[in-house]
Amino acid sequence: MPLLLAELAAYGAPDGIQRLKDALAAHMSRNFGGFEFSPQHMICAAGCTPLLDMFAFCTCDDGDGIMLPTPYYPGFAIEVCYKTGAKLLPLHTAAPDFRVTAAGLRECYDNATKAGTRVRGLLLTNPTNPLGTTMNREELGAAIDFVREVGIHLLADEVYAQSVYGTAEGAEEFVSVSTLCKERGEPLGDQLHVMYGFSKDFCMSGIRAAVLYSENAALHGAMGNIGYFNCISHQTQHTLAGVLEKDGGAAIDGVLSTLRGDLRDQYTCFSAHLERLGIAYVPSCAGLFTCVNLRQYLEEDSWEGEVKLQQRVFEECKAVLTPGADCKMHEPGWFRCCWASIPQAGYDAFFARFEATFAAQGGGGG
Ligand SMILES: Cc1ncc(COP(=O)(O)O)c(C=O)c1O
């Protein structure tokens, strides 16, 4: 149906047009594990980045804290803190399984509170960035119980929800916070919020569009008030709604399934190189990256040594890796490798350079 110029050109609701909210509700209800998403609880904005900024602005005063498990996506330090004055409170997890526990949540909260920081929320990324893993029911259940007990928000960043490609064993699954609430017979209520966007699963990071799902009316009011700073153009919203609506959703579901297959192929190729070289890594099943442990190649076993290795890999192997320090990793030597958009011949070239560079150090051949 042709759109009227008036529909595109005039001001509209800053938190998104009804058509996009309806299409997102149908899409998420079909693909997020059974929760019935309602368009009325949606706040759309030009990406997860502005939604995080708005969320922190509306829930935190200067100096308030938001807990989040480590290692975390380095962009959060900008998105949550730069404009709002909020602080990130790292909840430390470590190799080999990097799991969030009830005891870890309590310790992080108590330490912050004792130091005089008012804790306002817990930010979970599931599937995780940088690990490329999924959180299990036990972790999510502990997080939900904890935020309900202490009365803080839980923001679940589920931007990689449909990039779970699994492994050969096929054991991993994505469990949305919304799904777990449904299974427990609980509403999301005022404290639990789910964020999703087009940047990752849809490979549309330049389009700038995302949604926060929240049943909290006060949060809606507050975020709606500042929505005009971050709204998506009507033209983009209609285009995205069209993508989601095509063939009743079957078209986009098919595309996402194909993309998951592509991710699986990429990961299989990348991890085969790691195995061949004897490089330790966290087996991943989701997202666009894998964390590898290059500690054996550090000239000195320190964070400075990590920076030097990052520089050497950049200069001699021609690859940009995210250092673990930026993600608040528990020890030096870990790097996030984004492998999703590199042709497989590119890996062959990179790993050949890597072997040549580090062979003298006893690495590169295991
Ligand atoms: C976990 C996570 N959240 C949010 C973002 C930002 O998303 P957007 O492009 O929608 O601003 C990223 C981008 O890398 C991300 O990895």
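In what order do the four strands of the open sheet sit? The order is β8-β9-β11-β10, and the pairing is antiparallel. Keep in mind that this is a predicted model, so to speak.

Let's look at the edges of that sheet. β8 (280-281) and β10 (322-323) each have a single partner strand, so one side of each is left without a neighbour in the sheet. Further in, strand β9 and strand β11 run antiparallel and are joined by five bridges. Zoom in on that pair and you'll find Val292 standing opposite Phe335 in β11. The sheet also has a helix packed on it: α10 (residues 250-277) touches β8 and β9, and its direction makes about 5° with that of β9.

Here are the elements just mentioned, with the residues they cover:

| Element | Residues |
|---|---|
| Strand β8 | residues 280-281 |
| Strand β9 | residues 289-293 |
| Strand β10 | residues 322-323 |
| Strand β11 | residues 334-338 |
| Helix α10 | residues 250-277 |

Now step back to the whole chain. Its secondary structure comes to 12 helices and 11 strands. The radius of gyration is 21 Å, close to the 21 Å that the globule rule gives for 366 residues, so the chain is as compact as a globular protein of that length. Along its principal axes, the C-alpha trace spans about 65 × 55 × 35 Å.

How much of the chain is buried? Buried residues make up 43% of the 366. As for contacts, take those with a separation of 6 or more: 70% of them are between residues 24 or more positions apart.

Terms used:
Residues are numbered from 1 along each chain as its sequence is written. This is a predicted model: local features need pLDDT of at least 70, side-chain atom pairs count only at pLDDT 80 or more; totals for chains, interfaces and linings use all residues. Helices (H or I, at least four residues) and strands (E, at least two) are DSSP runs, numbered from the N terminus. The radius of gyration is taken over C-alpha atoms; the globule rule is 2.2 Å times the number of residues to the power 0.38. A residue is buried if 20 or more other C-beta atoms lie within 10 Å of its own, exposed if 12 or fewer, and partly exposed in between; C-beta atoms are placed from the backbone. Two residues are in contact if their C-beta atoms, placed from the backbone, lie within 7 Å. Two strands pair if DSSP finds at least two bridges between them. Axes are lines fitted to C-alpha atoms, for helices over the stretch in contact, and angles run from 0 to 180 degrees between N-to-C directions.
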